[in-house]
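Student: I am new to this protein and would like to go through it step by step. Could we begin with the overall picture and then turn to particular residues?
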Amino acid sequence: MSGVRDIVLVHGLWVPGFVMAPLAVRLAQDGLRCHRFAYAGRAGSCAANAERLYRFARSFRPAHFVGHSLGGLVILDALNAHPEMAVGKVVLLGTPARGCAAGRRFARHRVGRWMLGASESLWRADVQACWSRSEPLGVVAGTLPIGLGRAFGRLPGPNDGVVCVEETEIEGMTGRISMPVGHSQMLVSARVAKQIATFLQQGRFGE
């Protein structure tokens, strides 16, 4: 869908919507209008947050969507549940679409389960997200292993310190790019922002 200028940004677990501000500033330099959606990752279920996102985004439709980590799962739930909603393109950053080894390790401990809250079930190994819409979906995966997920040991395979590259695979996605950034670093990286803008404009990542 060409000509879409509005973007809804959705943050991840444990952080406020303000963490998306640096990314919003970079995307605004490409003439895009960013709107930050805030939600309670620990307290609310993914389905409930997805419904809130749907109601929030109706004011800007059609719009692109960009989600980081758990925020990507909220976007997937919202847009798959509402196929009638006009959407531009979607980019997910470090989203644990196939569960998360680091999350499962956290869940073995009482404090970890408390930290994950209502999102705990989303990090299990048997989770597998899919994209059932026709709009382009791009996925950015990090390969610099710097993040809280390594607190309980090494993670298998390339990872961003929280989410493994293989855990970001989504059935039906248009494309995926791996970049040498950590999980949180994605939100402040100029290179990541440029790849997001390229995908939103062209429906594919750059070289």
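Predicted model: local features only at pLDDT ≥ 70, side-chain atom pairs only at ≥ 80, totals over all residues.

Student: What percentage of the residues is buried?
Tutor: Of the 207 residues, 54% are buried. The accessible surface comes to about 9100 Å², and carbon and sulfur atoms contribute 52% of that surface.

Student: What share of the contacts with a separation of 6 or more comes from residues 24 or more positions apart?
Tutor: Such residues account for 72% of those contacts.

Student: Let us turn to charges. How many salt bridges does a search of the whole structure find?
Tutor: The search finds three salt bridges. In one of them, Arg 33 pairs with Asp 6, and their closest N and O atoms are 3.1 Å apart. Arg 33 belongs to strand β2 (residues 33-37) and Asp 6 to strand β1, so this pair ties together parts that are 27 residues apart in sequence.

Student: Which residue forms a salt bridge with Asp 30?
Tutor: Asp 30 pairs with Lys 194, and the closest N and O atoms are 3.8 Å apart. This pair links distant parts of the chain: Asp 30 is in the loop between α1 and β2, whereas Lys 194 is in helix α6 (residues 190-202), 164 residues apart. Asp 30 is partly exposed at 26% relative accessibility, and Lys 194 is partly exposed with a relative accessible area of 49%.

Student: And what is the partner of Arg 133?
Tutor: Arg 133 forms a salt bridge with Glu 135, with 2.9 Å between the closest N and O atoms. Both Arg 133 and Glu 135 are buried.

Student: I see Arg 133 close to a histidine in the view. What is His 82 in contact with, apart from its neighbours within four places in sequence?
Tutor: With those neighbours left aside, His 82 contacts Glu 51, Tyr 54 and Arg 133. His 82 sits in the loop between α3 (70-81) and β4 (87-93). Its relative accessible area is 12%, so His 82 is buried.

Student: Now the surface. Which residues form the positive patch?
Tutor: The positive surface patch consists of Arg 52, Arg 55, Arg 58 and Arg 61. Arg 52 is placed in helix α2, while Arg 58 is in the loop between α2 (46-57) and β3 (63-68).

Student: Why does Arg 58 count as partly exposed?
Tutor: Arg 58 counts as partly exposed because its relative accessibility is 38%. Arg 52 is also partly exposed, since its relative accessible area is 36%.

Student: What does Arg 52 touch beyond its neighbours within four places in sequence?
Tutor: Leaving those neighbours aside, Arg 52 is in contact with Phe 37, Ala 38 and Tyr 39. Ala 38 is 14 residues from Arg 52 along the chain, and the C-alpha atoms of the two are separated by 9.5 Å.

Student: Which residues form the nonpolar patch on the surface?
Tutor: That patch is made of Trp 14, Val 15 and Leu 148, which together have about 260 Å² of accessible area. Trp 14 lies in the loop between β1 (6-10) and α1 (21-28). At 41% relative accessibility, Trp 14 is partly exposed.

Student: One last topic, backbone angles. What is the phi of Ser 69?
Tutor: Ser 69 has a positive phi of about 55 degrees, although Ser 69 is not a glycine. Most residues other than glycine have a negative phi.

Student: Where is Ser 69 found, and is Ser 69 buried or exposed?
Tutor: Ser 69 is in the loop between β3 and α3. Ser 69 counts as buried because its relative accessibility is 4%.

Methods
Residues numbered from 1 in each chain as written. Heavy atoms only, no water. Patch = residues over 30% accessible without salt bridge, like charges linked within 9 Å, V, L, I, M, F, W, Y side chains within 5 Å. Areas by Shrake-Rupley, 256 points an atom, 1.4 Å probe, with all protein chains shown as cover. Salt bridge = Lys/Arg side-chain N within 4 Å of Asp/Glu carboxyl O. Lys, Arg positive; Asp, Glu negative; His and termini not counted. Charge placed at Lys NZ, Arg CZ, Asp CG, Glu CD. Helix = DSSP H or I, 4+ residues; strand = E, 2+ residues; numbered from the N terminus. Buried < 20%, exposed > 50% of the residue type's maximum accessible area, 1.4 Å probe, protein only. Contact = heavy atoms within 4.5 Å.
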